[in-house]
Amino acid sequence: MSHRLARLQTALRRAHLDAVALNPGPSLSYLTGLHFHLMERPVVALLSAQGETALVLPELEAPKVADRPNIRPFFYGEDPARWGDAFRRAVEALGLARARIGVEPTRLRVLELRFLEAAAPEAVFPSAAEAIAALRMTKDAEEIAAMEQAVRIAQDALTAALAAFRMGMTEREFAAELVLQLLRHGSEPELPFQPIVAAGPNSANPHAVPTDRPISRGDLLIVDWGATWQGYFSDLTRTFAVGAVEPELARIAEIAAQANAAGREAARPGIPAGEVDRAARNVIAAAGYGDFFTHRTGHGLGLDVHERPFIFAGNETVLRPGMTFTVEPGIYLPGRGGVRVEDDVVITADGARSLSTLPRHLARLG
Ligand code: CO
């Protein structure tokens, strides 16, 4: 943690920020090791470029900071009229009345921002998204080990769920079985997202939700799922043929697997993230299905399911060892079916390593 806080101080100074204000979520956990649920009562940490941390929180949360001498707590009680006082005292203690206080625009709520603005009316609140993302983007060995465990749990859970597959079970029934197996295999209960189980025409929708439609012979079946371990996520996708499928559907599955391989092979340190997208996209375009690959090739993965680096055409972010992201090309034929093959990879000293190892070719169910 102290190493991370030291990196934060450097990042804040470089971004001309005096502090950052964080509410419960991945960045707060990453920098302080503290976990809070996002509720109706505000919890806000102020981390200054001088290395001081103030935390505004309800009195009932006191045990969480009892053994944290480097965190200065500012408690408030049940009367909302007094909550503003705690914010004022925290701002004063860190000398932030006229400061540039960075915020995470996708995380901090109007609730917290209003308290901060009232406590420091002369301060400004620019986005610190870039500065914080840069810290979290490169994972250390411990983080990668946690992600690897999240991948292992997800893979074992899918294998167990497939053993329970019966022809004619609905998408929802299979999704329920998969969630059960994720928990049985040790996933933390806050899954990265509800699994996507999409068969037949539904599989042509990249963000389908499971329905009561029975999974039937001739369908392509897309399963997009993940597990959580120590707050870190996995995010995988495999596609199956339910019985025999039309030749063209089998063909697009093969092309997607080749595009996935091309993306993983292209990934290495020193190249822009956009190159990975290009490598995967070229395979699909060369096969004549470019118009049917309708999304970016991947996204960073870690304490958030979608974080930097994003793998899209033209992204100049240079890949570095320790960056983790998905490679998930897909082909979607409206009304007929879709395929996607998604792996989680980490950039190594001289290439990329896939954390996921399940077979990528089109396997047949039933
Ligand atoms: Co994904």
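On a 1 Å grid over the protein atoms alone, a cavity is a set of points where a 1.4 Å probe fits but cannot get out, and its lining residues have an atom within 4 Å of a point. Grid points are joined across faces, edges and corners, and a volume is the space filled by probe spheres set on the points.

Keep in mind that this is a predicted model: local features need pLDDT of at least 70, side-chain atom pairs count only at pLDDT 80 or more, and totals for chains, interfaces and linings use all residues. Residues are numbered from 1 along each chain as its sequence is written, and side-chain values use heavy atoms, with hydrogens and water left out.

**Stop one: the cavities.** There are two cavities of 30 Å³ or more. (Helices are DSSP runs of H or I, at least four residues, and strands are runs of E, at least two, numbered from the N terminus.)

Now hop to T239, A253, A256, V339, V341, R360, H361 and L362, around the second largest cavity. Its volume is about 30 Å³.

**Stop two: the metal.** Which residues hold the cobalt ion? Pick D235 (OD), H299 (NE2), E328 (OE) and E342 (OE), which coordinate the ion at 2.1 to 2.4 Å. Donors here are N, O and S atoms within 2.8 Å of the metal (3.2 Å for Na, K and Ca); water is not among the atoms, so sites may look incomplete. Along the sequence, the donor residues follow D-x63-H-x28-E-x13-E. Two of them, D235 in the loop between β9 (232-233) and β10 (236-242) and E328 in the loop between β13 (324-327) and β14 (330-333), are 93 residues apart and link distant parts of the chain.

Buried means under 20% relative accessible area, exposed over 50%, partly exposed in between (1.4 Å probe, protein chains only).

**Last stop: E78.** Find E78 in the loop between β4 (71-76) and α3 (83-93). Is E78 buried or exposed? It is exposed, with a relative accessible area of 59%. Beyond its neighbours within four places in sequence, E78 is in contact with R41, L60 and W83, where contact means heavy atoms within 4.5 Å. Finally, draw a line from the C-alpha of E78 to that of V276: 52 Å, for residues 198 apart along the chain.

How values were computed: On a 1 Å grid over the protein atoms alone, a cavity is a set of points where a 1.4 Å probe fits but cannot get out, and a pocket is an open set with protein on both sides within 12 Å along at least five of seven lines; lining residues have an atom within 4 Å of a point.
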